[in-house]
Amino acid sequence: CTRRLLAENQADLAAGHALIVLLVLADPGNLLYLNTFYAESSSLLFLYALLASLLVALAQAGPLSRWLLAGIFSCALLLAASKSQLLFLPNLVFLAVVFLRALKFRPPRTLLLALGSGAVIGMAIQVVHMHSTVNESIRSANLANTLFTAMLPNADHPRELMARLDLPEACAQYSGASWYTPGMVSRTLCPELFQLHQFHLIDAAITFPGMSAKMTFAGMERMDQWIPPELGVVEGSVMASLPLSVPSFARLFPVMNPVVLILMITGLPLLAIICVFWRWSSGQAGVNVVLLVLSVLPICVLAAAVLGDGYVDLSKHTHLGYSAQLAALILLACLAIGRVVHQPFASAGQD
């Protein structure tokens, strides 16, 4: 990807790509998941591969090769199938391309077909998987965690929420509980909850927007750990901390003021929109798509995590949001530097 961008005389993007691979993808906050059964490493891999493929595809003027289109289709499908809370991500990428199409940029129809069909098929596979009997306990845990750890503690009118969900008012007393609360696994606490579907909770979140806003902001305040505290990081040690000799952005988030983190999450989409219109041209379509996706992804991942499993394992469920924030900031910095020293970058690309 870096060599192709240099060949297209886009050295600022090539530098941004190389730095993202070096500083973000290779950070222990991401690499640690490669040694686990968690799906975080798969979602990161296929999101990166999809965005890198789009960056290459939209940077070239000629027709796209079948191999590149097949890669985009496969990455979109596998990204949707990697993790249930992220089944919407390929559609987010597709919407970013469509948004640029509304600005009179005309991406190849074959690209739209490959991306859209991969996203739809991957989402269908994930939906079937989510409704399989194998995932019954996971569905129940998600319902309990979402309602009791996130929705009820932030509801201004718990009785109205219970009425909307057609649950007994007595269920409201379990506000703050989770799937791990004694009696929840056996379904003796609020057993009516487990007759619902996650879509019922999403409907309630739409019905009570004030509650949803509080849930989201409370989630932002809890996003202070990129590496979950319960995840072992040192071989042969029991819950040892990451050695000081190993550099990682994960050390920044615990000491970061929550207000700064909230401003980053909410401000990145605005910066990306400004950058899209500032750098608008057909030659910048690829980076504009990547910027839009990376900037919107943190808030989307947070919302999906909170509505999908409440505040349980939030740092793990929002792991991709941390990566997107860092990648977006690095890419924006490289684009800004490239704008200031355009001629040197251009010369480097030609060399």
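**View 1. K83 and E40 are both buried.** Buried here means under 20% relative accessible area, exposed means over 50%, and partly exposed lies in between (1.4 Å probe, protein chains only). This is a predicted model, in which local features need pLDDT of at least 70, side-chain atom pairs count only at pLDDT 80 or more, and totals for chains, interfaces and linings use all residues. Residues are numbered from 1 along each chain as its sequence is written, and side-chain values use heavy atoms, with hydrogens and water left out.

K83 forms a salt bridge with E40, their closest N and O atoms being 2.8 Å apart; the term means a side-chain nitrogen of Lys or Arg within 4 Å of a carboxyl oxygen of Asp or Glu. K83 sits in the loop between α5 (66-82) and α6 (89-102) and E40 in helix α4 (residues 40-59), so the pair ties together parts 43 residues apart in sequence. Helices are DSSP runs (H or I, at least four residues), numbered from the N terminus.

**View 2. Here K214 meets D156 in a salt bridge (2.4 Å, N to O).** K214 belongs to helix α11 (residues 209-222) and D156 to the loop between α8 (136-151) and α9 (158-164), so this pair ties together parts 58 residues apart in sequence. K214 is partly exposed, at a relative accessible area of 39%.

**View 3. Now look at R164 and D203, a salt bridge with its closest N and O atoms 2.9 Å apart.** R164 in helix α9 and D203 in helix α10 (residues 198-207) link distant parts of the chain, 39 residues apart. R164 is partly exposed, at 43% relative accessibility, and D203 is partly exposed, at 33%.

How values were computed. Helices (H or I, at least four residues) and strands (E, at least two) are DSSP runs, numbered from the N terminus.
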